[in-house]
Amino acid sequence: MTYADHVVAVTPVAEREISPTAEELEHGEGLILRDVTLRVDDVLWSSDTPGKPAPTSFAWVAHGWPFTGGDTAHREKMTGEHQPRIELGHSYVMAIEWQPPVWGESQGSVTSAARALAAAKAEDDPEDPNHSLEDQLTGKGASDLARALQNAEPTGTTSSTASSAAKKGAAARTGATTACE
């Protein structure tokens with residue numbers, strides 16, 4: 001409770017498997033994780049200064065199953081050391097802490113959305129040789145990135161056919177992503 005915003009009684013009400021990464025599948029070993037939805041049944045305690053009110057439910061990435069030899073069908077349940085395996089039909093008590101969203105990792109360090117936007121505004125001179133696509137698109141969505149990639153002019157010796165295919169592929173991949181806020 002020294003760091004928690006709330007201590008809550010929860011019940012897992014839904015779960016779905018999180019597919020292993022392409023790299024794990026290629027190597028034939030890795031983890032199959034689970035995205036578990038936890039319903040908050042009771043708030044047992046709250047800090048005098050919680051970051052946010054206790055949620056009514058929240059998502060939890062839980063341990064699933066390891067796999068080796070490329071066999072994702074052979075399953076042995078796993079959990080972390082000194083941790084219960086979160087299972088449907090059981091109830092748990094958890095300490096939860098609200099953490100503000102972060103923009104993500106940029107050049108090896110995690111930064112907040114506000115800090116990333118401030119840094120991008122400081123680099124907002126298109127004539128500056130350090131002005132990058134990242135600076136230009138910070139705070140914008142995946143559709144903005146797709147549009148920028150589609151409108152980009154190729155440099156070097158790339159053929160126009162290859163460039164056009166690359167732009168379409170990038171747009172298709174980017175369309176499936178979620179923007180950071």
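Author: The questions below go from the overall fold to single residues; the model is predicted.

Reader: In what order do the elements of the protein chain run from the N terminus on?

Author: The protein chain holds five helices and six strands. Read from the N terminus on, these elements follow the order β-α-β-β-β-β-β-α-α-α-α.

Reader: Which strands form the open sheet, and in what order?

Author: β1 and β2 pair in the antiparallel sense over 12 bridges. Nine bridges join β2 to β3, also antiparallel, and β1 pairs with β4 in the antiparallel sense over five bridges. The open sheet of four strands therefore has the order β3-β2-β1-β4.

Reader: Why is one side of β3 and of β4 left without a neighbour in the sheet?

Author: Neighbouring strands of this sheet are turned by 45 degrees against each other on average, direction ignored. β3 and β4 stand at the edges of the sheet, so one side of each has no neighbour there, as each has a single partner strand.

Reader: Which residue in β2 is the bridge partner of V10?

Author: V10 lies in strand β1, which pairs with β2 in the antiparallel sense. Among the contacts of V10, leaving aside neighbours within four places in sequence, are L38, R39, V40 and D41. The bridge partner of V10 in β2 is V40.

Reader: Is V10 buried or exposed, and at what relative accessible area?

Author: Leaving aside neighbours within four places in sequence, V10 touches residues including F58, H90, Y92 and M94. The cut-off for a buried residue is under 20% relative accessible area. V10 is buried, and its relative accessible area is 0%.

Reader: Which residues make up the largest nonpolar core?

Author: In soluble globular proteins, nonpolar side chains tend to be buried together. L38, one of the core residues, touches V10, F58, I86 and M94 among others, not counting residues up to four places away in sequence. The 11 residues of the core are V8, V10, V36, L38, V40, F58, A62, I86, Y92, M94 and I96.

Reader: Which side chain makes a polar contact with the side chain of R34, and at what distance?

Author: R34 lies in strand β2 and is buried, with a relative accessible area of 1%. The contacts of R34, leaving aside neighbours within four places in sequence, include E15, W60, W65 and I86. The side chain of R34 reaches the backbone oxygen of I86 at 2.8 Å. The polar contact between side chains joins R34 to E15, at 2.6 Å.

Reader: Which residue in β3 stands opposite D35?

Author: β2 and β3 run antiparallel and are joined by nine bridges. D35 stands opposite a residue of β3, and that residue is V61.

Reader: Is E76 buried or exposed, and which side chain makes a polar contact with the side chain of E76?

Author: E76 has its place in the loop between β3 and β4, and at 52% relative accessibility E76 counts as exposed. Leaving aside neighbours within four places in sequence, E76 is in contact with G64, W65 and P66. E76 and W65 are 11 residues apart in sequence, with 5.7 Å between their C-alpha atoms. The polar contact of the E76 side chain, at 3.3 Å, is with the side chain of H74.

Reader: What is the phi of H82?

Author: Most residues other than glycine have a negative phi. H82 is found in the loop between β3 and β4 and is exposed, with a relative accessible area of 78%. H82 is not a glycine, yet its phi is positive, at about 60 degrees.

How values were computed. Residues numbered from 1 in each chain as written. Predicted model: local features only at pLDDT ≥ 70, side-chain atom pairs only at ≥ 80, totals over all residues. Heavy atoms only, no water. Helix = DSSP H or I, 4+ residues; strand = E, 2+ residues; numbered from the N terminus. Core = buried A, V, L, I, M, F, W, Y, C linked by side-chain atoms within 4.5 Å. Buried < 20%, exposed > 50% of the residue type's maximum accessible area, 1.4 Å probe, protein only. Contact = heavy atoms within 4.5 Å. Pairing = 2+ DSSP bridges. Axes fitted to C-alpha atoms, helices over the stretch in contact; angles between N-to-C directions. Polar contact = N/O pair within 3.5 Å; in protein donor to acceptor, adjacent residues only side chain to side chain.
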